[in-house]
Each structure stands twice: as structure tokens, then as C-alpha cells.
Amino acid sequence: MPTTMTVTRSDPSTLPGRDVPTALVVHESCWGNTRLVAEAIAQGLGEGATVVGVASAPPLDQVHTDLLVVGAPTHAFGLSRPGTRHDASERGGTDPGTGIREWLEAASPAAGRRAATFDTHVRRPNLPGTASRAAARRLRHLGFEIVREPEVFWVRGMEGPLEEGELARARAWGAELVRLL
Ligand SMILES: Cc1cc2nc3c(=O)[nH]c(=O)nc-3n(C[C@H](O)[C@H](O)[C@H](O)COP(=O)(O)O)c2cc1C
């Protein structure tokens, strides 16, 4: 089972066996839907995966896992900003205090790293623009190889819930990702 923790696996004593690829899944979430998807993806990734909310995540420059997975809710056709997170909190969600946009902005470019991105997004109406594409674009600029097309997981409305079957799809997506490593 993947672990939910707030630190990177920089301590070798916490590393799984040599052959198990390591992955850090960093998520942002106001109502918990993206967090649930992140946890399901980590289950698919397997025992080398660690899940962390963006507010507790280590700086990206200190992440040295085989794969980075980044997930965020789509806000205003892309990654959230302080204003959209404030809007979410006014509607009953929780403002995580920071977002994937800020976390990526604080990072320095470096080559040779691999990542995948996902977002949650309202299915109807299916508006253009997704947080997963925006995050992938930023990660490419930081020198990451994006190993899979950004993926969308559907919610029924602003607060969710996730559409039926999405957690199973997320687990399967995580399992496919680990096969690419
Ligand atoms: C301020 C704000 C803007 C949003 N903009 C979009 C949007 O452009 N497209 C979309 O499909 N959903 C949009 N949504 C809905 C979010 O995608 C939805 O709240 C999110 O998937 C729920 O995930 P969470 O529970 O992890 O926060 C928006 C939500 C908020 C609060």
C-alpha cells in the first residue's frame, strides 16, 4: 500500500526494495475530489508511491523520486490562483493555502526527471482548458519529460462528487504509469 506522508523519501531507510520504482503524488484539493483521485493513483502505482498535499510537499527541487505525479482541480480553465481558491472557500470548500501553480513556480529547471499530470474537471459543461495541461506545460519548461498525456478525472459539479468509476480508472492509470518506468 502507498503511504500518505509529508516528506520525501530522502532517508534511504524509508526506501522500498531496489526494484520498486518510487513516485511522489502531489495534489491540491478544495473539496477532496482531487485528493481521492491522487490516493487511488498512488494505489495503482504501488508500494513505492507517496501521496502529499501541496501545502505539505517538499520543494520540488528536493524531490528525487523516479516519477512525479501532479494533480489539481481545474480552476478558471487552468491551475488555481489565490483568488479562485478564495472563491472555493466562499462556496464551502477548503483553501489549501497554496497551489500547484505556486509550487511549480518556486522550482528551478533541471533535466532528466519524469512526470505525469492529472486534474479534476466538471464534465457538463466540459469547458476548454485544464489544470493538468497547464501543469504539464510548466513541468516541461522545468525540464521534465511528461511520460503520458495529461489525464482528466470527472466530477459532477463544483463540489463533486466524482463520477462513478473514476477511482477505479485512477487506480488503473496509476498502474499504467508504473509500467512506463
Ligand atoms: C473558482 C473555481 C473555478 C472553476 N473553474 C472551472 C473550470 O474552468 N472548468 C471546470 O471544468 N471546472 C471548474 N471548476 C470546478 C472544479 O474543477 C471542481 O471544483 C474541482 O474539480 C473539485 O475538485 P476538488 O474537490 O479537489 O477541489 C471551478 C471551481 C472553482 C472553485
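This is a predicted model: local features need pLDDT of at least 70, side-chain atom pairs count only at pLDDT 80 or more; totals for chains, interfaces and linings use all residues.
Q: What makes α1 largely enclosed by the rest of the structure?
A: A residue is called buried once 20 or more other C-beta atoms lie within 10 Å of its own. In α1, 12 of the 13 residues are buried, so the rest of the structure largely encloses this helix. Those buried residues are N33, T34, R35, L36, V37, A38, E39, A40, I41, A42, G44 and L45.

Q: What do the buried residues of α1 pack against?
A: Their partners are the strands β2 (23–27), β3 (49–53), β4 (67–73), β5 and β7 (151–155), plus the helix α5 (166–179).

Q: Which elements each supply at least two residues of the shell around the ligand?
A: α1 (33–45), α2 (82–90) and β5 (113–122) do. The ligand is surrounded by 22 residues, the closest being S29, W31, N33, T34 and T120. Sorted by class, the shell has 10 nonpolar, 11 polar and one charged residues.

Q: Where does the label "Flavodoxin-like" come from, and which residues does it cover?
A: It's a domain annotation from an unreviewed UniProt entry, covering residues 23–178. In the model, that span is 33% helix and 22% strand, with its end C-alpha atoms 9 Å apart.

Definitions and conventions
Residues are numbered from 1 along each chain as its sequence is written. A residue is near a molecule or strand if its C-beta atom, placed from the backbone, lies within 6 Å of it. Helices (H or I, at least four residues) and strands (E, at least two) are DSSP runs, numbered from the N terminus. Ala, Val, Leu, Ile, Met, Phe, Trp, Tyr, Cys and Pro count as nonpolar, Asp, Glu, Lys and Arg as charged, and the others, Gly among them, as polar. Two residues are in contact if their C-beta atoms, placed from the backbone, lie within 7 Å. UniProt positions are given in the numbering used here, feature names are shortened, and annotations may be inferred rather than shown by experiment.
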